[in-house]
Amino acid sequence: MIGVTEAAKRSKTDEAVDALAEMIRSGRFTVGDKLPTEPELVDELGVSRGALREAVQALAFVGVLRVRQGDGTYVSGLEPSQLLRSVGFALDLSSPETLAELYGVRRILEPVATGMAARHMTASQIGAARVQLDAMRDAADAEGFVLADAAFHDEIAAACGNEALRALLVSLRSESARARIRRARDDDGATARTVAEHEAILAALEAGDAELAQAAATLHLAEGERWLRRSVEQDRETT
């Protein structure tokens, strides 16, 4: 009996999620709008307070809604970085094996973003990427090196013209940060090779050569993925 009750509750929660999402999709409520009060929504949607609250919590978690205690519930900015926040949370919980697979996803997407950016990057944006490359060279430790590395790629992704792609790449990069710090510490010559690979990417961007920029980024990320997969395999053998 309890199982049936829980299943029914989940079903009503799903209904409430779908109904709230449709209110936003249809344009009834847009960015910044305040939703009706809880009693009004319960009456309109025909669900319990508990199901409605769970639905609101679910949509708040993924960044669609923003709850202001004592004030009400609002439609969020619906920016890609907000909507992909839950993806980053899930990635933080990934296993080493999944980490390698996710890096493979980054290896597919990041070169595409780099090629797109090559067609649009301004001198100022290229200069900002150069600043991060110099910061990689001057980094005092592995953590600083990896931070500058991520910032370098984000400067490029910012110029690709697709904020959803950029936000997804931010999540994928942050998820593999610990592994890249480990590589910078443990792999002799890794930092020098990485700097050289970034120089090749930047040179292609400066030339405005999209195909060359994408190829340089592919080579750079393929090397990182090979190291990560070897590292996962070695860790498995020692446990």
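Predicted model: local features only at pLDDT ≥ 70, side-chain atom pairs only at ≥ 80, totals over all residues.
1. Secondary structure. The protein chain contains 12 helices and two strands. Read from the N terminus, the order of its elements is α-α-α-β-β-α-α-α-α-α-α-α-α-α.

2. Burial and surface. The protein chain has 239 residues, and 40% of them count as buried. Its accessible surface amounts to about 12600 Å², with 55% of that area belonging to carbon and sulfur atoms.

3. Contacts along the sequence. Among contacts in the protein chain with a separation of 6 or more, 68% are accounted for by residues 24 or more positions apart.

4. The largest pocket. This pocket holds about 250 Å³ of space. Its lining is made up of 14 residues, and those closest to the pocket centre are Pro-36, Thr-37, Glu-38, Val-56 and Thr-73. Two or more lining residues come from each of the elements α2 (38-45), α3 (49-61) and β2 (72-75).

5. Contribution of α3. With four residues, α3 supplies the largest share of the lining of the largest pocket. The range of α3 is 49-61, and Val-56 is among the residues closest to the pocket centre.

6. By residue class, the lining of the largest pocket comprises six nonpolar, four polar and four charged residues.

Technical notes
Residues numbered from 1 in each chain as written. Heavy atoms only, no water. 1 Å grid on protein atoms, 1.4 Å probe; cavity = no way out; pocket = protein on both sides within 12 Å on 5 of 7 lines; lining within 4 Å. Points joined across faces, edges and corners; volume = space filled by probe spheres on them. Nonpolar A, V, L, I, M, F, W, Y, C, P; charged D, E, K, R; others polar. Buried < 20%, exposed > 50% of the residue type's maximum accessible area, 1.4 Å probe, protein only. Contact = heavy atoms within 4.5 Å. Areas by Shrake-Rupley, 256 points an atom, 1.4 Å probe, with all protein chains shown as cover.
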